[in-house]
Amino acid sequence: MEHNRRKFLQFLGYGSLLIGKATLLGPLSGCTKFKIPSLSPTSEDKLILAPGLNYSIIAKFVDSINEKEVFGFNNDYIDFLALSPNDLILWINHEYVHPLWVNGYERTKANMEKERKLVGGTLMRVKKINQKWEMQKNDIYNRGVRGDTPIPFADNVEVLGSKIATGTLANCAGGKTPWDTILTCEENYYGFYGERSADGSVTESLLNWQTHFPNPPEHYGWVVEVEPKTGKAKKHTSLGRFAHESATCSMSKNNKCVVYSGDDKNDEHLYKFISDSSNSLERGTLYVANLDKGEWMPLTIENPKLKGKFKNQLDILIHARKASKLLGATKLDRPEDIEINKATGDIFIACTNNKPKKNYHGQILKIQESEADHGSLKFTASTFKTGGHDSGFTCPDNMVFDNNGNLWFTNDIAGNAANKGPYKGFGNNGLFIVPAGGPQAGEVIQLASAPIDAELTGPCFSPDYKTLFLSVQHPGETSKDLKNPTSTWPDGKRPTPAIVAIEGDLLEKITG
Ligand code: FEO
Ligand code: CA
Ligand code: CA
Ligand code: CA
């Protein structure tokens, strides 16, 4: 039995088994000497917070940010450039549009034009005035970087005859570079302009934009770098093309920028890019992980296993998935967000689930680079936490560490699966904390519950850690018609994605 159980757990995760209460994040911090109150799972159509927390909405879908542009749909990743602790240029991803709430399902050119202006990202100034965060409408920094914004490829690269792509889309999670630019990740890009088939044709897609705008699928699936003050953007082919969930930056011991990124698809891979430079991502080497061997394997044209199989280096980067398989990269259970515990250098990877393999609850993996150097090509991998009814969470997705080393994460049970089958008893999606110290160290505690069908995404702390910015994405997503929405959050009428600022005594105690 134990052998089978062990084999099963190894199949879920990798390496040594580190599950249960004793699993700590790293050096204990003195933060949590008190008991954090926990919410029970619920299916209420509200954003419910643990006692001691409150929220206010900063911006919601279709709010004007300036005279010509609105806040886009399905807000996701949040990050910022701080002009001062209470004055930020926020960046917010807009992952996709749900035609029901935007324009109906008719696939006209005009509808697609409208949709293209609602995905990508928003830059907008927010200030904390009289203890309340407020969007500064019409601020000079407010602008959209959207599905129709021309964006050049970095380093003068040409992809299918073009140095410029039209727009960014499928912007899920992201990261921030050491030089304070934002990275926004193009995840499920094939839902917009389709994907290239083996015979060279382009597949149908969810939104079918390719019917009126025949942009090549190869122009999407990249990591896009955005300057917060100007909105100037570029697409990095150097980091490879796949369903990038996030792009988490660090520095190697020899001062090169390192970026970790997962491909959120069943049985896809974990990647690491090591830049040739300390302040640019334009050139460097992309590696893919073999977790059993603890090796980062280079996706380069010089690699003997890839030689002769691709036209050139760009061809490898465009087809990173195919190249990774030729190297024997480890198949993972949909790697989503990646965060680094600054106190230890350990890298945490949320693997949300892998339903065909009957892994319904996912796990959080931990990678420790050899010699604690993010530039190392050797590492050890283990399972930090396994999802399930015993551990009290399922489908981990976005994560963030606070200033005291506590791990916060949100989860993502698909809308049509909530409260059914393996997900019975988990209620709506939520926000959770794993304290690094104190009486509940290593436990999983629920702090928020999302409205019906919504997912909480993009957790991001303000510079003083007194506010947690959070996205409420796709409330009411399984609605079939406008008159009978499954959620009416936040106004009691029509479900609307929004970003909120969470504050309160409890947060100040945890991060104080
Ligand atoms: Fe957009 Fe993998 O979540
Ligand atoms: Ca995600
Ligand atoms: Ca994160
Ligand atoms: Ca997800």
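Two strands count as paired here if DSSP finds at least two bridges between them, and strands themselves are DSSP runs (E, at least two residues), numbered from the N terminus. On that basis, S30 and strand S31 (residues 468–473) run antiparallel and are joined by 5 bridges. Within this pairing, cysteine 460 stands opposite phenylalanine 469 in S31.

A word on the model before going further. It is predicted, with local features needing pLDDT of at least 70, side-chain atom pairs counting only at pLDDT 80 or more, and totals for chains, interfaces and linings using all residues. Residues are numbered from 1 along each chain as its sequence is written, chains are lettered from A and ligands numbered from 1 in the order in which they are written, and side-chain values use heavy atoms, with hydrogens and water left out.

The S30–S31 pair belongs to an open sheet of 4 strands, ordered S3-S32-S31-S30 with antiparallel pairing. Its edges are strand S3 (54–60) and strand S30 (455–461), each of which pairs on one side only. From one strand to the next the twist averages 25°, with axes taken as lines fitted to C-alpha atoms and angles running from 0 to 180 degrees between N-to-C directions.

Now for the metals. Donors are N, O and S atoms within 2.8 Å of the metal (3.2 Å for Na, K and Ca), and since water is not among the atoms, sites may look incomplete. The calcium ion (ligand 2) is coordinated at 2.3 to 2.8 Å by Glu245 (OE), Glu336 (OE), Asp397 (OD) and Asp397 (OD), with the donors spaced E-x90-E-x60-D along the chain. Glutamate 245 sits in the loop between strand S14 (233–236) and strand S15 (248–251), while glutamate 336 is in strand S22, 91 residues apart.

Glutamate 336 in strand S22 and aspartate 397 in strand S26 are 61 residues apart, so to speak a link between distant parts of the chain. Glutamate 336 bridges this ion and the calcium ion (ligand 2), the two lying 3.6 Å apart.

The calcium ion (ligand 3) has Asp337 (OD), Glu339 (OE) and Met399 (O) as its protein donors, 2.2 to 2.3 Å from it. Here the sequence spacing is D-x1-E-x59-M. Aspartate 337 lies in strand S22 (residues 335–340) and methionine 399 in strand S26 (residues 396–401), 62 residues apart; both aspartate 337 and methionine 399 are buried.

On to the rings. Those of Phe, Tyr and Trp (its six-membered ring) pair if their centres lie within 6.5 Å, with planes under 30 degrees apart called stacked, over 60 edge-to-face and the rest tilted. The structure holds 16 aromatic pairs. In one of them, phenylalanine 61 and phenylalanine 73 have ring centres 4.6 Å apart and planes at 90°, so the pair is edge-to-face. Phenylalanine 61 and phenylalanine 73 are both buried. Ring pairs also link Phe192, Tyr193, Trp209 and Tyr220 into a cluster.

Charges over rings (NZ of Lys or CZ of Arg within 6 Å of the ring centre and within 35 degrees of the ring normal) turn up as well. Lysine 176 lies over the face of phenylalanine 80, 4.6 Å from the ring centre, and the charged end of lysine 385 sits over the ring of phenylalanine 384, 5.3 Å from its centre.

How values were computed. Buried < 20%, exposed > 50% of the residue type's maximum accessible area, 1.4 Å probe, protein only.
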